[in-house]
Amino acid sequence: MVSRNHAESNPTAPSGTDSRQQLPKKKRGSRDNVRASKLTLLGPWAVPLLFVALCVVFSVAAPDTFATTTNVRVMIVGQATILLLSIAILIPLRAGDFDLSVSAVMVLSACVLGYLTAHGYSAFTACLVALLIGPIIGFVNGMLVVRIGIDSFIATLGTLTILVGLSSLVSGGALMTTVPAELLNFSRLSVLDLTMSVWLGWGIALVVYYVFEWTPAGRYLLFIGNNTEAARLAGLRVNAYRQGMYVVSGTLSALAGLLVAGSLGSIDPTASGAYLLPPITAAFLGASAIKLGRFNVVGTLVAIYLVAVGVTGLQMLGLESWIADVFNGTLLVFAVGLTIFLRRGSSK
């Protein structure tokens, strides 16, 4: 009678096994859930904590060179172009699309600026035409991806290749030094010892942050990026939003071209490759910070300066310039892996 009643009270227990032996498994499951919960809480702050840790480590290892206001200023100013390109690539990503052409748009716009200046056009005309390159290419990218249906990765990779060739055509394959004096003077202006490129980049980042987090358009973009078909069934103008994001991305990329030309005083038609990986790394690393799995502005900003701190610190410790590519690639893999790992942990 005892064994029958026991079996009836615990029908899932194997025959001849005391049901109390199942308790440790429940406890282990509970502990796993606690760990997953802790991982979910830690996840959004992993990248900011890494940023703080690197700052502390390099400040201790190289106090006379790294932990100085001059070095901080140099790192911030040095990332001004990457900041604009990161925001440019972030906007289509928010809606679920890639734009790999941002760096090539930047270089072509700068080359067009140098070409028009060399042929006697005014600074206003040269800057305006160079800036219009961006939305035009963005519109073309949008047509290829949204209207024709080509995969965004393939379409914008093809656009990048075409633009690299056009940059060489416009520049004659040589370094261009014809930058309007007005643009040079604007780029040399500084407020609180930071150039106008930095302040302009931060201002644009603030506007995009506001749109993403506080407006219906930002929520619609997130909805489209998460589930395009559901967004379309909900009545959203999905194609119009995606097309518009490419135009905005192209415009910001062209603006970056003007600013980099003014900052450097020259245009290298082969520079697009060097400016491609850092903004992609920043955008994906930012998606594993602050708001896990979501492309966001604050996380991207943290990621930009994390990369700057890491590369600068390692170079000050004696490593050569190749460390920049290695560090960017490593962080990109780390960002994607961390996001997947934490998502799995939070789903348990």
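1. Aspartate 193 sits in the loop that joins β1 and β2. The model is a predicted one, and in it this residue takes a positive phi of about 70° although it is not a glycine.

2. Leucine 192 lies in the loop between β1 (190–191) and β2 (194–195). This residue, also not a glycine, has a positive phi of about 55°. With a relative accessibility of 72%, leucine 192 counts as exposed. Both backbone values deserve a look in the model.

3. Helix α6 covers residues 102–118, 17 residues in total.

4. How many of the 17 residues of α6 are buried? The count is 14, and α6 is therefore largely enclosed by the rest of the structure. Buried here means under 20% relative accessible area.

5. Glycine 120 follows α6 and has a positive phi, near 90°.

6. Leucine 132 belongs to helix α7, which runs over residues 123–148. At 44% relative accessibility, leucine 132 counts as partly exposed. It is one of the residues of a nonpolar surface patch, together with Phe124, Leu128, Ile136, Phe139, Val140 and Met143. The accessible area of the patch residues together is about 670 Å².

Technical notes: Residues are numbered from 1 along each chain as its sequence is written. This is a predicted model: local features need pLDDT of at least 70, side-chain atom pairs count only at pLDDT 80 or more; totals for chains, interfaces and linings use all residues. Side-chain values use heavy atoms; hydrogens and water are left out. Helices (H or I, at least four residues) and strands (E, at least two) are DSSP runs, numbered from the N terminus. Buried means under 20% relative accessible area, exposed over 50%, partly exposed in between (1.4 Å probe, protein chains only). The expected span of a helix is 1.5 Å times one less than its number of residues. Patches are made of residues with over 30% relative accessible area and no salt bridge: like charges are joined within 9 Å, nonpolar side chains (Val, Leu, Ile, Met, Phe, Trp, Tyr) within 5 Å. Accessible areas come from the Shrake-Rupley method with a 1.4 Å probe; for residues, only the protein chains shown count as cover. A salt bridge is a side-chain nitrogen of Lys or Arg within 4 Å of a carboxyl oxygen of Asp or Glu.
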